[in-house]
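Look at the structure first, then read on.

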Amino acid sequence: MDAYTSFAQVYDLFMDDIPYKEWCDYITNLLKDYHIENGILLDLGCGTGSLTQLLSKQGFDMIGVDNSSDMLEIAIEKKEQSGQDILYLLQDMREFELYGTVKAIISICDSINYILSYEDLVQVFRLVNNYLDPEGIFIFDLNTEYKYTSLLADNTIAENRDKGSFIWENYYSEEERINEYDLTLFLPTQSDNLYQKFVETHYQKCYSLTEIKSALEEAGMEFITCYDAFTKNPPEKESERIYIIAREKGKKERNLSL
C-alpha cells in the first residue's frame with residue numbers, strides 16, 4: 001500500500017508530540033536572517049498542513065505541495081475551518097510546478113529523506129532553484145545517519161490510543177543506507193469494539209552532508225550553512241536532525257548579462 005494513505009487518517013493524532021509552533025518560530029527566525037518576513041512561501045511536502053497554517057498566520061502567502069491526496073484532503077479541511085487563504089497542490093516534489101517564483105521554499109519533517117536516489121535528489125534541487133526568486137532561500141531538514149543507525153535501526157515503536165493503535169517497525173540497511181518503516185495500523189470501525197488493520201511501508205534514504213552539498217552544486221544552487229536542528233550550532237556527531245540552508249543561484253547573473 002502507498003505511504004500516507006491510511007496513516008493520513010490518524011497522522012495528527014499520533015504526531016501530536018511534534019512542536020509545530022516551535023518549528024515555525026525557528027523557521028521564521030532563519031528566514032529573517034535573510035530578510036524574508038513576507039511574500040510567497042512554498043511548503044514542499046506539507047502533509048496535513050499543520051506547519052503551513054502556522055506560517056500563514058505569520059503573514060506568508062502559503063503554497064503547500066504534497067504527493068499524498070489523503071494528507072492534502074485533511075490539510076484542505078483545516079484550511080476551510082480556519083478560513084486561511086492557502087493554495088494546496090497535489091504534486092510529486094520530483095516534478096512539482098508553480099505558476100511563478102517564490103521568496104523561499106521549506107521542506108521539513110524529513111521530507112527530503114523520502115527521495116531515495118541521488119539523481120532524484122538533484123532533480124528536486126533543480127526544481128527548487130528554478131522556482132525560487134533570484135537569491136531566494138531554501139531551508140530543509142534531514143534525519144541523520146546517527147539517528148538511523150543508533151536510534152531507529154532495528155527498533156520497534158508501538159503506541160495504543162483510544163482512536164487507534166500503531167506498530168512501527170524499523171529496518172536500516174547500512175549498505176544501501178535505506179531505512180524501511182513497516183507501519184501497521186489498527187483503526188476503529190463504525191461497529192463497536194471492532195478494528196480494521198492497515199499496513200503501509202515507508203522508505204527513507206540517509207544522505208551525508210557531502211552528498212547534499214554535491215547535489216546542491218550539481219543543481220546550480222549555493223550551499224550556505226548547516227545547523228544542528230533548532231539551534232544555530234554546527235551539527236554534532238550525535239545530531240539526530242540537521243537543517244540545511246541553500247540559496248538560488250543563476251537568475252541574477254542571467255539578468256545582469258542581458
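In which sense do strand β2 and strand β3 pair? Strand β2 (residues 60–66) and strand β3 (residues 87–90) pair in the parallel sense, over four bridges. Pairing needs at least two DSSP bridges between two strands. Helices (H or I, at least four residues) and strands (E, at least two) are DSSP runs, numbered from the N terminus. Val65 has Leu89 in β3 as its bridge partner. Helix α4 (residues 69–82) links β2 to β3 in a right-handed β-α-β crossover. Right-handed means that, with the strands pointing away from the viewer, the path from the first strand over the helix to the second runs clockwise.

This is a predicted model: local features need pLDDT of at least 70, side-chain atom pairs count only at pLDDT 80 or more, and totals for chains, interfaces and linings use all residues. Residues are numbered from 1 along each chain as its sequence is written, and side-chain values use heavy atoms, without hydrogens and water.

The open sheet has seven strands, in the order β3-β2-β1-β4-β5-β11-β10, with mixed pairing. Its edge strands are β3 and β10 (222–228). The twist averages 20° from one strand to the next.

Two helices pack on the sheet, touching strands (heavy atoms within 4.5 Å). Angles run from 0 to 180 degrees between N-to-C directions, with axes fitted to C-alpha atoms, for helices over the stretch in contact.

| α2 (residues 20–32) | β1 (39–44), β11 (241–247) | about 30° with β11 |
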